[in-house]
Amino acid sequence: PSVTWAGTPAPTTTTDVQPIPGKIQLTKEQLQKINVIRSDRNKKIVAVLTPEQRTKFGDALKDEQKFKPALLSLNLTNEQKTKIIAIGKKSTEEMVAVLTPQQRKQLQELQAQSKKK
């Protein structure tokens, strides 16, 4: 399940964050760290793709909402799928590590809600 990471405009501390239902509020620092992790993830995924797949996938890198559907449309080989899944799991772990314990709990709740839908 994908979770929307809110943070724009990003506050400087967690105390001035107003909750938005369905979103995890991030500090500016957290958002910057997550963006670096995403960028690194995207570079690693692109390195696994063929030139044709890279071209097709390029636009999706600009929009996180289109990221997963674009990946699914690439007719990936089993080897590519295995590599991309490993890259995705590692980057997700890195992103979760950026969160506070309270934000992790909120993430778990959002994921549980999305599984019910």
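**A buried serine and its surroundings**

Tutor: Ser91 counts as buried because its relative accessibility is 5%, where buried means under 20% relative accessible area, exposed over 50%, and partly exposed in between, with a 1.4 Å probe and protein chains only. This is a predicted model, in which local features need pLDDT of at least 70 and side-chain atom pairs count only at pLDDT 80 or more, while totals for chains, interfaces and linings use all residues. Residues are numbered from 1 along each chain as its sequence is written, and side-chain values use heavy atoms, with hydrogens and water left out.

Ser91 lies in helix α4, residues 78-98. Helices (H or I, at least four residues) and strands (E, at least two) are DSSP runs, numbered from the N terminus. The side chain of Ser91 comes to 3.0 Å from the backbone oxygen of Gly88. With neighbours within four places in sequence set aside, Ser91 is in contact (heavy atoms within 4.5 Å) with Ile37 and Arg41.

Helix α1 has 21 residues (28-48) and should span 30 Å at 1.5 Å a residue, which agrees with the 31 Å between its end C-alpha atoms. The expected span is 1.5 Å times one less than the number of residues.

Next, the nonpolar cores. A nonpolar core is a set of buried Ala, Val, Leu, Ile, Met, Phe, Trp, Tyr and Cys residues joined through side-chain atoms within 4.5 Å. The largest one has 12 residues, among them Ile45, Val48, Phe57, Phe67 and Ile87. Helices α1, α3 (64-72) and α4 are the elements that give two or more residues to this core, and α3 gives the most, with 3 residues. Phe67 touches Arg41, Asn42, Ile45, Phe57, Ala60 and Leu61, not counting residues up to four places away in sequence. A second, separate core of 10 residues includes Leu26, Leu99, Leu107 and Leu110.

As for the whole protein chain, there are 5 helices and 2 strands, in the order β-β-α-α-α-α-α along the sequence. Of the 117 residues, 32% are buried.

Key. A polar contact is a pair of N or O atoms within 3.5 Å; within protein, one must be able to donate a hydrogen and the other to accept it, and residues adjacent in sequence count only if both atoms are side-chain atoms.
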